[in-house]
Amino acid sequence: MNTTTYSTSLKPIWKGISYICALFLAVVSLDIVIGSLFQVNFVVFNIKEDVETWIPIFFSLLFIASILSIIYTAQYEISISENTLSKKGLFGSFSFDIDEIDEIFVDVMLVNIKSGRKTISLGNLYSEFGKPVEHIANKIKGNENIRFKGKDKHIKKYFPWAVDE
């Protein structure tokens, strides 16, 4: 039985900031596209009739990117069960066992866990950060096959046994 021990995604404040920025970009870019195609603007200045072709194309792509970022942020979630790490997202989901971890990169408030070509990142912008990292550290303690990358002082903070004195 593989029950979820920790489930984490962006903190609500960061989700809100992400949504507000993406919505702002979506509204402005859509207004510019409509203004350049139909000469009707609601938010931004009037667009001249002789607007260059790249302007509506660029802002159309910006509109699509901002909508995708909203969907991506809403879908993104990392789950940590007793022996498995899972990442769920808009562009694919995957999981791997904690025993399969090859490499861990540690920075100031970031822990990147890698197994083969799969990577799961935990950072301080997530709703839970300390407890999942502590859980993983306890599970991999004594595993000599894992490479640790990053400055020793950062590695020592989360995985003190992995740094030689």
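Me: What is the relative accessible area of N124?
Reply: This is a predicted model, in which local features need pLDDT of at least 70 and side-chain atom pairs count only at pLDDT 80 or more, while totals for chains, interfaces and linings use all residues. Residues are numbered from 1 along each chain as its sequence is written, and side-chain values use heavy atoms, with hydrogens and water left out. Buried means under 20% relative accessible area, exposed over 50%, and partly exposed in between (1.4 Å probe, protein chains only). N124 is therefore partly exposed, its relative accessible area being 33%.

Me: How far apart are the C-alpha atoms of N124 and L10?
Reply: N124 sits in the loop between β7 (118-123) and α3; helices (H or I, at least four residues) and strands (E, at least two) are DSSP runs, numbered from the N terminus. Although N124 and L10 are 114 residues apart along the chain, their C-alpha atoms are separated by 8.9 Å.

Me: To which backbone oxygen does the side chain of S29 reach?
Reply: S29 belongs to helix α1 (residues 12-38). With 1% relative accessibility, S29 counts as buried. At 2.7 Å, the side chain of S29 reaches the backbone oxygen of L25.

Me: With which side chain does the side chain of T84 make a polar contact?
Reply: T84 is located in strand β3, and its relative accessible area of 8% makes T84 buried. A polar contact is a pair of N or O atoms within 3.5 Å; within protein, one must be able to donate a hydrogen and the other to accept it, and residues adjacent in sequence count only if both atoms are side-chain atoms. At 3.4 Å, the side chain of T84 makes such a contact with the side chain of D97.

Me: What distance in space separates T84 and I98, C-alpha to C-alpha?
Reply: In sequence, T84 and I98 are 14 residues apart. From C-alpha to C-alpha, the distance in space is 5.5 Å.

Me: Which strands hold E77 and K88?
Reply: Side chains of opposite charge can pair when their charged atoms come close. A salt bridge is a side-chain nitrogen of Lys or Arg within 4 Å of a carboxyl oxygen of Asp or Glu, and E77 forms one with K88, the closest N and O atoms being 3.9 Å apart. The pair ties together parts that are eleven residues apart in sequence, because E77 lies in β2 (residues 77-81) and K88 in β3 (residues 84-88).

Me: How many residues apart are E82 and K139?
Reply: E82 is partly exposed at 38%, and K139 is partly exposed at 31%. Their side chains meet in a salt bridge at 2.6 Å, N to O. This pair links distant parts of the chain, with E82 in the loop between β2 and β3 and K139 in helix α3, and the two residues are apart by 57 residues.

Me: How many salt bridges does the count come to?
Reply: The pairs include E77 with K88 and E82 with K139. By the 4 Å rule, the count comes to four.

Me: Is D99 buried or exposed?
Reply: D99 is placed in the loop between β4 (94-97) and β5 (103-107). Since its relative accessible area is 65%, D99 is exposed.

Me: What is the C-alpha separation of I113 and V133?
Reply: I113 is in strand β6 (residues 110-115) and is buried, with a relative accessible area of 1%. V133 is among the buried residues of helix α3 (residues 130-140), which include P132, H135, I136, A137 and I140. I113 and V133 are 20 residues apart along the chain, and their C-alpha atoms are separated by 9.9 Å.

Me: Which residue with a positive phi follows α3?
Reply: The phi of this residue is near 90 degrees. The residue that follows α3 is G142.
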